[in-house]
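Here is a brief report on the pockets of one protein model. Look over the sequence and the fold first.

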Amino acid sequence: MSTPINIQPARQFCLKCLLTLLIVFGLTIASFIYLALNPANLFTLEALKNITEFIGRFFPPDLSPDFLDKIWHGVLQTLAISALATLIAAIFSLGLSLPVSGRFGPTAKGITRFICNFLRSVPELVWAALMVLAVGLGPFAGTLALMLHTTGVLGRLFGESLENHPTVSSNALMLNGSGRVTSFLYGTLPGIAPQLLSYSLYRWEMNIRMATILGFVGAGGLGQMLYYELSLLREAQASTVIMAMLVLVIFVDFVSNKLRRIQMHNQG
């Protein structure tokens, strides 16, 4: 005897979905009109001529040994700024994650969440400008700026990871006399460590890109070199700096993906 086929009824017309699409479409059109955006201006002969002439001034790049030596030092400085800022921020965020997740009561949770929200709501460029005023121009200001902003981001992410993680292991340790910190280190941290590492690697990738931008406010690295070369209208040298930025981003992305694969292999 054949089993009856369960035929799902056809999906009815969704008036709410249609209204939502019409509203989004209307707001998009209204935004173009309000901002006076005309995409056709990008494809005019004059625009294409200006873009071509400007890009042409960047070639050929300056590959002289002396300038490449400066580029190499800028790459190392940018890499060090981003890595050190991310590492320090991850350590601070690990400490903040306990009160952010509510392990020390609602008052501590509210205060630390406010601190994290404040740190991450202030853009990196603003932090960099403040740090330049505090410690002067150079990589120290860039490291502090990235560290402050990244602490706010990772502190919130680490806290939410800890808050959503099962508390069976940590509660068992606390029932046997362990403190909150000890139960976290031995009962909770091993379970959320892969997620924390993934968050940290992602922020490191972002900090590499941001470290190059912070140089525009004197925070060192490739960004400061790019700002200096562009301000002197030395497009050939600026082209070399941009190529170095691209190579650095590709390298960091490769290393980050490699570490994630190792992490997934160890979990498996």
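What volume does the second largest pocket have? The second largest pocket comes to about 190 Å³. The model is predicted: local features need pLDDT of at least 70, side-chain atom pairs count only at pLDDT 80 or more, and totals for chains, interfaces and linings use all residues. Residues are numbered from 1 along each chain as its sequence is written, and side-chain values use heavy atoms, without hydrogens and water.

A pocket here is an open set of points on a 1 Å grid over the protein atoms alone, where a 1.4 Å probe fits, with protein on both sides within 12 Å along at least five of seven lines; lining residues have an atom within 4 Å of a point. Volume is the space filled by probe spheres set on the points, which are joined across faces, edges and corners.

| Pocket | Volume | Lining by class |
|---|---|---|
| Largest | about 240 Å³ | eleven nonpolar, two polar, no charged |

Nonpolar means Ala, Val, Leu, Ile, Met, Phe, Trp, Tyr, Cys and Pro; charged means Asp, Glu, Lys and Arg; the others, Gly among them, are polar.

The largest pocket has a volume of about 240 Å³. It is lined by 13 residues, with T86, L87, A90, L197 and S200 the closest to its centre. Helix 3 (65-100) and helix 8 (180-214) each give two or more lining residues. Helix 8 gives the most, six. Helices are DSSP runs (H or I, at least four residues), numbered from the N terminus.

Residues lining the second largest pocket include I71, W72, T240 and F251. Helix 3 and helix 10 (235-267) each supply at least two. Helix 10 gives the most, with six residues.
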